[in-house]
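Q: Could you show me how to read ring pairs, charges over rings and ligand contacts in a structure?

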Amino acid sequence: FYAIYMRSNLAKRVVTLHPAPKVLDPNSSSSKESPKRFWGSYRPQVYFGMKTRSPRSLVTGMMWMRQFSDTDVNLRHTCEQGDHLKSYGWLMHDGLSFGVQEIQDEGFTLTTEFVKRMGGDHGGDWTWRITAKQQSNAPQPPVISLMFYAAADTQGSMQAHVEDRSRLASISGFSEELGSFKITIRKPVTGELSSAKYASYNYLQTVSPGLEKLTNIVKLSLSRRFVYSPPSGEKRHYIAVDTYKPPHHQNQQKPADTRTESDFVLHQVTVQTPFQIEVLFESGSFSNRPNQLVGSVMSEELEKRKTEFNAKFERIFGLEAKGFGPGQVKFAKAALGNMLGGMGYFYGESVVQSVYNEYPLLYPDGALYTAVPSRSFFPRGFLWDEGFHQLLLSKWDPQVTRESIAHWIDLMNVEGWIPREQILGDEARSKVPAEFIVQHNENANPPTLFLALQELIEQLSSNPAGADAQPTLPFLRRLFPRLKTWFEWYNTSQTGLLPNSYRWRGRDKDTNLFLNPKTLTSGLDDYPRASHPSADERHVDLHCWMALSSGIMASIAQLLGEPHQDYKASHDVLSDNERLDELHWSDQLRAFSDFGNHTQSVSLQREKVYVPPGQPRHQFPVARLVRSVHRAPKLQYVNALGYVSLFPFLLQVLQPDSPKLEHIFRDMRDPKKLWTPYGLRSLSKADPLYMQRNTEHDAPYWRGPIWININYLAVRALHHYGNTAGPYREKAAALYEELRTNIVNNVFSQYVDTGYIWEQYNDGTGRGQGSHPFTGWSALTVLMMAEQY
Ligand code: 6A9
């Protein structure tokens, strides 16, 4: 009995939150406590939409489609690479009060702008302006339908106000958090001063069982029975929302008090380009509004905010002063803008598991204010991505960084673990294949939040009285108890067998299904590690992350007047260059390396499936590729030259006079190894696993392509060693210039050529590849342009 009791207690730990007081007060994101950040474009997964920073926010958004086109229904709503848009993304966004986005669809461009105005007790008002233009002077300007909607998420209610039978002119509503409000959809005009254009109107008023269902509800309601008949032109049938009948089993059979359906109201306007439409949200408690935020008032406000944005951008990053041209500056603003505009506010439960649980469990509900790597493909929080994101955002608005870190750290469980990938709520879950959803509590991810904390501390020490930095000290004070636990979690759960060595847990288990079992937890997924995962492994990248983290822990403790000696001692041991050599320097490779049970003699081979004579081949299971091991593994260095071997340099653990720097610089600069004209490739061209698939379905990822986060660390380290006395100073300074120029030029020219910033870059051609837009860490290019590290 005792054993069962213990086990069930242990099983609960994974879903038990850490008991220390939270960094954030329970209502810190509410309209009362943080009115200026209440409304925002916190739905990065849709092309255009806004919500509030609250668990069950009313959400607003836009869908659109082109009418009379050759292709079938081309409804756009959530950001999808499959839509093949030529480009989209925020060109400017201050993370607070306004944004300008440009979307290039087939034959037309939509500009989506918003401006917020404070007033009242519920986060104030906002206005959207959508401007549609055709791209070339084709004889027939495209006819486009825009659909504006508001959807409640279990709280609040809305009424539609319809005029002329089919035009949804406004929506009035009420919710606990917003009080009463009104959303008005204005008629399309060609310009600010022109009169209304011909347009057809439709609307939908229904209920939705969940936000992830909105697109489908609209699709199921579409009908072709409507006629578009402009005064001068032919009459044509067009596609519009009609009635929607919810699948009947959902609603009727449930008792009223368990219904989970919420109001969903949508306005469709169908009109020919060019045109402009404004939608305004007015808060009921904003009683002394001087005028409506529309037309010329809106234009003036927009102009004012753009001017302020441009001035602040130049003040902070100084790109014009550095001689960058208008195209490059515009690119940099878009990189920052889309990272800010891609910030989300998510709420819900992760699905987690420990060894004590037979089945995955639901983590407690939690909120996360975070940037996302990619609005289309990964519109959710990733732990180690966020540290990189905040390196950029902390320069723009350190309050964003403090709030993001606070949200992440408040998600910690009693063990000190934070789930690596945050898939919170149904909407987020609907985008992720089942096998990726469950998060395991032995799994880490690089503690890059320490990089962002380091930046906040530096800002504080360089200008302690500055208004931006001042809140950092009280913030750190609240953060510290949890930070200690977080650090301790890494320092106990990810240690290796030898003293002061570390090992990533959670490597792929089915060793023989992969050419080299992946280490997703390290962030470098398929980067080659020991061929046979075992407790003997030690990982040099994690060693360096711990050296960095212990150092920052010591600084924070000291700043707060807390005991810091133990952190300092850890930091000293982990940064001891001789000890590091003993653990990780491979004389054979003449580089730093992982160690473990390893063999290089492996290959993927097709399994031989027996097909009885005379039987059709296709009736038998497809022969998989499985790994063959040609020579038995033994304990040795892994000797895979690439990003992992650079870590002692990347995180500046090496002393400036370390002779190892010479080897590292030589390998970096060697085109047969890591050097390309576009940045450093992830794995040496000379490595046997260079550009090798891991399974037949798993293309090489961190086995050659160029990744900008690691390149940023390299440029930053070169800047450091190039500015520190030592025998390799000049070499570092020269490499710095070359590498920085290569990366900046390539990311920029790819943006110009393809319309996007990308997840990775091809090491042979420089082409952007993988998911896009990816204004996660690839946006660190801005810091390299600005030379701010
Ligand atoms: C796949 C597919 C709709 C992989 O940028 C986020 C992470 C990084 O943290 C990691 O270092 N990316 C890098 O190796 C993307 C991970 C995506 C995993 C989920 C599900 C969903 O398709």
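A: Before the features, some ground rules. This is a predicted model, in which local features need pLDDT of at least 70 and side-chain atom pairs count only at pLDDT 80 or more, while totals for chains, interfaces and linings use all residues. Residues are numbered from 1 along each chain as its sequence is written, and side-chain values use heavy atoms, with hydrogens and water left out.

Q: How many aromatic pairs does a search of the whole structure find?

A: Rings of Phe, Tyr and Trp (its six-membered ring) pair if their centres lie within 6.5 Å; planes under 30 degrees apart count as stacked, over 60 as edge-to-face and the rest as tilted. Searching the whole structure gives 50 aromatic pairs. Y228 and Y238 form an edge-to-face pair, at 6.2 Å centre to centre with 80 degrees between the planes.

Q: Which strands hold Y228 and Y238?

A: Strands are DSSP runs (E, at least two residues), numbered from the N terminus. Y228 is in strand β13 (residues 222-228) and Y238 in strand β14 (residues 236-241), ten residues apart.

Q: Is Y228 buried or exposed?

A: Buried means under 20% relative accessible area, exposed over 50%, and partly exposed in between (1.4 Å probe, protein chains only). Y228 has a relative accessible area of 3%, so Y228 is buried. Y238 is buried too, with a relative accessible area of 3%.

Q: Why is the pair of F595 and Y637 edge-to-face?

A: Because the planes of the F595 and Y637 rings are at 80 degrees, with the centres 5.3 Å apart. The pair links distant parts of the chain, F595 in strand β26 (residues 595-598) and Y637 in strand β29 (residues 634-637), 42 residues apart. Both F595 and Y637 are buried.

Q: Where does the charged end of R289 sit?

A: A charge sits over a ring if NZ of Lys or CZ of Arg is within 6 Å of the ring centre and within 35 degrees of the ring normal. The charged end of R289 is over the ring of F286, 4.7 Å from its centre. Likewise, K660 has its charged end over the ring of W585, 4.6 Å from the ring centre.

Q: Which residues are closest to the ligand?

A: A residue is near a molecule if one of its heavy atoms lies within 4 Å of it. The ligand is surrounded by 17 residues, the closest being W384, D385, G523, D525 and W702. W384 and W702 also belong to a cluster linked by ring pairs, including F388 and W545.

Methods: Helix = DSSP H or I, 4+ residues; strand = E, 2+ residues; numbered from the N terminus.
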